[in-house]
Amino acid sequence: MAPTGRRSALAEHAFSPHDAVMGAALRHLRRRRFLTVTAAAAALAFTTNLPARGAVAAPLRDAARISKDPFTLGVASGDPLPDSVLLWTRLAPEPFLEDGGMGTERVTVEWEVALDEYFATVLFRGSVEAHAEYAHSVHVDVKGLMPGTVYHYRFRTGVWLSPTGRTRTAPAAGSATSALRLAAVACQAYQDGYYTVHRHLAQDDVDVVFHLGDYLYEYAVNPAGGERRYTDVTLPDVFNRETMTLADYRLRYALYKSDEDLRAAHAAHPFVVTWDDHETENNYAGGIPENAIPPEEFLLRRAAAYRAYWENQPLRAAQLPQGPDAQLYRRLHWGTLAQFDILDTRQYRSDQAYDDRPHAPGPESDDPARTITGAAQEQWLIDGWRSSAALWNVMPQQVCFSQRKFDTTADAPLSMDAWDGYRASRDRVVTGARSAGVDNWLVLTGDVHVGYALDIKEDFDDPASATVGTEVTCTSVSSGRDGAEQPANRDLYLRANPHMKFYDGRRGYVRVALDRRAARLDFRTVSAVTTPGAPVTTAASFVTEAGAPGLQPV
């Protein structure tokens, strides 16, 4: 939330274009007695884009009365700029209760930023108010920082001091930065295993982490934590159901952030986050749900999911949802070395073709009117490339961009949820990259729970056509359980897709080192996540040289 003494941006949002639809949904749901009074009030707050009645007038709690550690969910930072970084925490002394154990009162939270982890010299400090309407989350946009600098930060309320986080600012705008190390992660189903990958990521030497979606899953988590098979703890029943309401989503974030390895990764590095589908519901498309429920009911669910996402991530006020809508796509820079165009391929897309079943390309999927980004985001992306002064143009996004045939036959099926189901949309983006003169294009992808290294081709059906960029999928943190080094379909996929240079089915992350000569891609994998403590190894490494796109093994 905005620092004390300044008008909060949270109250300045315009009405959502979905307000009328959501108002009708609320009237319908009240007739069905679907909502409790509390849930109906919260949903109504979404339709007006305002905090629930009385938010500003809520009593101010004496922080000295907080009797248990409220920083159970850790700290995080994100979206580094040359002079600013976003700091996050959320107060929850009882994280598995709907209100986090904080009640309805607002609480003052102090923050500090220093150059050293011991805070011998505090450079910046301030205070914010944490409100129940935003799950007592805190979002501090610290400005006036020095470019390209490592900082340490922490929060305090009452007698409680948060863990210390480490973050960094981006280099100065236009500076000839020589190098950058980033990591990409995605897909961390809690019930599928431990966050061993995050523990190793926390210890890795990277400047920034990109989380490419599926930060949480809406599916039920049983009392034993699924594949974690807890014997020393029993999870509450509140997690043993699919997330539907704002309270459900808030609690699910509390469960995920209760994992010490995830908290360690957030405390160690600034994160740049974007969502995919499971933060809301599997394979939804824009305002269209996976299952046969009225779209207006789904918009209420989407509003709850989007609100909880913002509350639990290091995102600025510009990303605060307006009802069921949120501006998540955005652009960051790392001097003139890299431009990052972070996409949202879920919120604006057309419905999946052919009932979202694997299918050969056809008139339905190839309709030129179909889009995976929406027209505005597509134009924003291409315009950003045309004005880019960066050597590397990096596109962090969600689903597989390159063609991925599931068989070697002429009519091989493709995924209708990935860019293969929106080929006209992909063609426009590839054409846009070419016309903008993008020579060093790197696409970072999540979703598929395996690691791929792919050459992006001008014509995927012609292996001899020009290579115009590189795509790397970062596998998953835990989704899919342990996986296998060589999945059963590995050889088939490599034959069917000559532009696919690598395929590994284990859990892990991708580390990318960019400099003025090349990009190096390291596939970091662990052997297991259903048992904790597996070591990390580098399964393979590739380089693609600046000005000469095409993957070469190291």
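Predicted model: local features only at pLDDT ≥ 70, side-chain atom pairs only at ≥ 80, totals over all residues.
User: Is Arg481 buried, partly exposed or exposed, and what is its relative accessible area?
Analyst: Arg481 sits in the loop between strand S18 (467–474) and strand S19 (483–484). Buried would need under 20% and exposed over 50%. Arg481 falls in between, so it is partly exposed, with a relative accessible area of 41%.

User: What phi does Arg481 have?
Analyst: Most residues other than glycine have a negative phi. Arg481 is not a glycine, yet its phi is positive, at about 60°.

User: Asp79 also has a positive phi; is Asp79 buried or exposed?
Analyst: Asp79 is not a glycine either, and its phi is about 45°. This residue belongs to strand S2 (residues 75–81). Its relative accessibility is 3%, and the cut-off for burial is under 20%, so Asp79 counts as buried.

User: At what angle do helices H4 and H6 pack?
Analyst: H4 covers residues 246–257 and H6 covers residues 295–311, with their axes 8 Å apart. H4 passes H6 in a right-handed crossing. The contact between H4 and H6 has seven nonpolar, no polar and four charged residues. The packing angle is about 35°.

Conventions
Residues numbered from 1 in each chain as written. Heavy atoms only, no water. Axes fitted to C-alpha atoms, helices over the stretch in contact; angles between N-to-C directions. Helix = DSSP H or I, 4+ residues; strand = E, 2+ residues; numbered from the N terminus. Left-handed = near helix turned anticlockwise from the far one by under 90°. Nonpolar A, V, L, I, M, F, W, Y, C, P; charged D, E, K, R; others polar. Buried < 20%, exposed > 50% of the residue type's maximum accessible area, 1.4 Å probe, protein only.
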